[in-house]
Amino acid sequence: MKVLITGAAGFIGSHVARLFTNKYPEYQIVVLDALTYAGNLENLRDIADKSNFTFIKGDITDEKLIPEIFEKYAFDGVIHLAAESHVDRSISDPMAFIRTNVFGTCNLLNAAKNAWKGNFEGKRFYHISTDEVYVALEFDGRFFTENTRYAPHSPYSASKASSDHFVRAYHDTYALPVVISNCSNNYGAYHFPEKLIPLAINNIKHNKPIPVYGKGENVRDWLWVEDHARAIDCIFHSGKNGDTYNIGGNNEWKNIDLIRKLCEIMDSKLGRESGTSAKLITFVSDRAGHDLRYAIDSSKLQAELGWKPSLQFEEGLEKTVDWYLANRQWLDNVTSGAYQSYYEQQYLNS
Ligand code: NAD
Ligand code: TYD
């Protein structure tokens, strides 16, 4: 099988590319990534030399390149993760989100449709989406199911919702064999330190304030990134055409409780007196349009495809902290910007 994975130099994509490259040596894995600020080839260092792995630097919005690579590699499957992914950036620069998440997704859909020419036997277009497309929950014990109404609030979630609609439209109109999954917040290794957990780890390490939006009352449902990658493997191979699957860890945490837990773990790992890191907690202005609560019902995926999360949150959080402390260089290269010259070092100078 020849599989195109987009956005694989990012956080989740790198875990998916690693899983597929190692688990399926008989597959040819082609990775396409524009290496925006969020793309980091160091995330793929351990698989870069594998014979079944190919990296292409390219933009999903490129109307010339995308059809060319479909022609060249004759992909059987696409796992589409490339996206602008940070809500705060979407508030300051919404157009970048529309370009990549909406137009870029449509460009890929169109290239797949044209390349596969109506012969969809053995083909699959898998679109990775988010739970943020659904109408935000209150503290009412309800969960997102696959039938929950779409009501995105941020430019990020609106652009992801729009891309989901286009993916379904290509299925309903052209019979393109698509599948979609909507996942909750991920955490783990290689997470860019603009997102809550790696940002807090980095700030605690450097004794810098930990910004908590509003009163820290907002709830997110956290899933260990490697469990997301396993779910993607499962859905890519066994999901039903045209279907949607919710993926989540059943792990709801108020932001402030999560940060307090992280502070405790960091104190213990850094040998600091208990309570030291919590002093860095700083309440700041709330995010505009900040959704109150996300919580996923993943029972369809569990019942139909047999997936379930492997890690409890406390255990996963501790593993994550251990990874960041053991990989200081990775974090330093990201925060200093050094990671952005890795492509030139690896690919252009060799
Ligand atoms: P990320 O920001 O870490 O990585 C995104 C990757 O896409 C980067 O490598 C970037 O260089 C690449 N990219 C961006 N624009 C591109 C373009 N125009 N062309 C080619 N490549 C481009 O994101 P992530 O957190 O790994 O998220 C991956 C996907 O999973 C996204 O579609 C996101 O919406 C979805 N998702 C993320 C989460 C989460 O908690 N992070 C949860 C659910 C769903
Ligand atoms: P984030 O990691 O940006 O993911 P998302 O917005 O996709 O859920 O944020 C997770 C939660 O943490 C969200 O409720 C916003 C909040 N948050 C803070 O309180 N402080 C921060 O510095 C950041 C980045 C997020």
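Q: How do I read the way α8 passes α10, as a right-handed or a left-handed crossing?
A: Start with the general idea: two packed helices are described by the angle between their axes and the distance between the axes. Now the case here, in what is a predicted model: α8 passes α10 in a right-handed crossing. Helix α8 covers residues 255-270 and helix α10 covers residues 313-326. Their axes are 10 Å apart, and the packing angle is about 50°. That angle makes α8 oblique to α10.

Q: And at what angle do α1 and α7 pack?
A: Helix α7 is residues 225-238, and α1 packs against α7 at about 60°, with 9 Å between the axes. So α1 counts as oblique to α7. As for handedness, α1 passes α7 in a right-handed crossing.

Q: Let's move to the ligands. Which residues are closest to ligand 1?
A: The idea is to list the protein residues around the ligand, the shell, and then pick out the closest. Ligand 1 is surrounded by 28 residues, and the closest are Ile 12, Asp 33, Ser 85, Tyr 156 and Lys 160.

Q: Which polar side-chain atoms lie 2.6 Å from an oxygen atom of ligand 1?
A: Here you look at pairs of atoms. Asp 33 has a polar side-chain atom 2.6 Å from an oxygen atom of ligand 1. Lys 160 also places a polar side-chain atom 2.6 Å from an oxygen atom of this ligand. Backbones can take part too: a backbone N or O atom of Thr 36 sits 3.1 Å from an oxygen atom of ligand 1.

Q: Which elements give two or more residues to the shell around ligand 1?
A: They are α1 (11-23), β5 (124-130), α5 (155-174) and β7 (185-187). The largest share, 3 residues, comes from β5. Sorted by class, the shell around ligand 1 has 13 nonpolar, 12 polar and 3 charged residues.

Q: Now ligand 2: which residues come nearest?
A: Ligand 2 has 16 residues around it, and those that come nearest are Glu 132, Pro 211, Tyr 213, Arg 287 and His 290.

Q: Which atoms of ligand 2 pair up with Glu 132, Pro 211 and Arg 287?
A: Take them one by one. A polar side-chain atom of Glu 132 is 2.5 Å from an oxygen atom of ligand 2. In Pro 211, a polar backbone atom is 2.8 Å from a nitrogen atom of the ligand. For Arg 287, a side-chain N or O atom lies 2.5 Å from an oxygen atom of ligand 2. As for cover, ligand 2 has 510 Å² of accessible area on its own, and the protein covers 96% of it.

Q: Which element gives the most to the shell around ligand 2?
A: That's β8, with 3 residues. Both α6 (196-205) and β8 (210-213) supply at least two residues each. By class, the shell around ligand 2 splits into 6 nonpolar, 5 polar and 5 charged residues.

Technical notes. Residues are numbered from 1 along each chain as its sequence is written. Chains are lettered from A and ligands numbered from 1 in the order in which they are written. This is a predicted model: local features need pLDDT of at least 70, side-chain atom pairs count only at pLDDT 80 or more; totals for chains, interfaces and linings use all residues. Side-chain values use heavy atoms; hydrogens and water are left out. A residue is near a molecule or strand if one of its heavy atoms lies within 4 Å of it. A polar contact is a pair of N or O atoms within 3.5 Å; within protein, one must be able to donate a hydrogen and the other to accept it, and residues adjacent in sequence count only if both atoms are side-chain atoms. Accessible areas come from the Shrake-Rupley method with a 1.4 Å probe; for residues, only the protein chains shown count as cover. Helices (H or I, at least four residues) and strands (E, at least two) are DSSP runs, numbered from the N terminus. Ala, Val, Leu, Ile, Met, Phe, Trp, Tyr, Cys and Pro count as nonpolar, Asp, Glu, Lys and Arg as charged, and the others, Gly among them, as polar. Axes are lines fitted to C-alpha atoms, for helices over the stretch in contact, and angles run from 0 to 180 degrees between N-to-C directions. Angles under 35 degrees count as roughly parallel, over 145 as roughly antiparallel, 65 to 115 as roughly perpendicular and the rest as oblique. A crossing is left-handed if the near helix is turned anticlockwise from the far one by less than a right angle, and right-handed if clockwise.
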